[in-house]
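Subject: Handing over the model

Hi,

Here is the structure I promised to pass on. Have a look at it, and then read on for what turned up.

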Amino acid sequence: MEYHTHSPEQTEQLGADFAKTLSPGDIVAFSGDLGAGKTAFSRGVLRGLGYEGRVTSPTFAIANEYQTPGGPVVHLDLYRLTDPDSLYEIGFDEYLDGSRIVLIEWSENAGDSLPDFYKTVHISYGNDNNERTVTIGEHTA
């Protein structure tokens, strides 16, 4: 499915709507342009799951964990991890144990470490500076 948003608030709302399709064990792999709205969409997912606290980009922390009424969520940013072997140093495989929703920005840096099935969200710049194209799908091996 392809959507077009015209503000960070609309991108967040799309994430909140998408959250209704998620449950513990789901993995969402994000890809797209730098600064296009992956964190805004993730913030919306957390809001849609009932989280009311501050949501920040995990770029420097690599992983932020949240407790929501919809279950535990980990928000990962793999932008700085260019070697898939370094994933195991941060305990990546433990996050995939099925007990939480996992949101992974820059998922392409995970290489072959993702499971056979996961949901995908690709966000790119649209025709003007405010427009974003958000493509939601699924990956199966």
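Which residues of the largest nonpolar core touch the most other members? They are Phe 18, Val 28, Phe 41, Val 45, Leu 103, Val 121 and Val 134, out of 21 residues in that core. Two or more residues each come from α1 (8-19), β2 (27-32), α2 (38-48), β5 (101-105), β6 (117-125) and β7 (132-140). There is also a second, separate core of 16 residues, with Ile 27, Val 74, Leu 81 and Ile 104 among them.

A few ground rules before you dig in. This is a predicted model, where local features need pLDDT of at least 70 and side-chain atom pairs count only at pLDDT 80 or more, while totals for chains, interfaces and linings use all residues. Residues are numbered from 1 along each chain as its sequence is written, and side-chain values use heavy atoms, with hydrogens and water left out.

Now the terms. Helices (H or I, at least four residues) and strands (E, at least two) are DSSP runs, numbered from the N terminus. Buried is under 20% relative accessible area, exposed is over 50%, and partly exposed is in between (1.4 Å probe, protein chains only). A nonpolar core is a set of buried Ala, Val, Leu, Ile, Met, Phe, Trp, Tyr and Cys residues joined through side-chain atoms within 4.5 Å.

On to the aromatic rings. A search of the whole structure finds four aromatic pairs (rings of Phe, Tyr and Trp, its six-membered ring, with centres within 6.5 Å; planes under 30 degrees apart are stacked, over 60 edge-to-face, the rest tilted). In one of them, the ring centres of Phe 18 and Phe 41 are 5.6 Å apart and the planes sit at 50 degrees, so this pair is tilted. It links distant parts of the chain, with Phe 18 in helix α1 and Phe 41 in helix α2, 23 residues apart. Phe 18 is buried at 7% relative accessible area, and Phe 41 is buried too, at 0%. Together with Phe 30, these two form one aromatic cluster.

Another pair is Tyr 51 with Tyr 66, which is edge-to-face at 4.9 Å centre to centre and 70 degrees between the planes. Tyr 51 is in the loop between α2 and β3 (63-68), whereas Tyr 66 is in strand β3 itself. Both count as buried: Tyr 51 at 19% and Tyr 66 at 5%.

Back to the helices. The buried residues of α1 are Thr 11, Leu 14, Gly 15, Ala 16, Phe 18 and Ala 19, and they pack against β1 (2-5), β2, α2, β6 and β7. Helix α2 is mostly covered, with eight of its 11 residues buried. Just after α2, Gly 50 takes a positive phi of about 95 degrees.

Last, two neighbours in sequence. Val 121 is in contact (heavy atoms within 4.5 Å) with residues including Phe 18, Val 28, Phe 41 and Val 134. Thr 120 lies in strand β6 and is partly exposed, with a relative accessible area of 22%. Leaving aside neighbours within four places in sequence, Thr 120 touches Ala 29, Thr 135, Ile 136, Gly 137, Glu 138 and His 139.

Cheers
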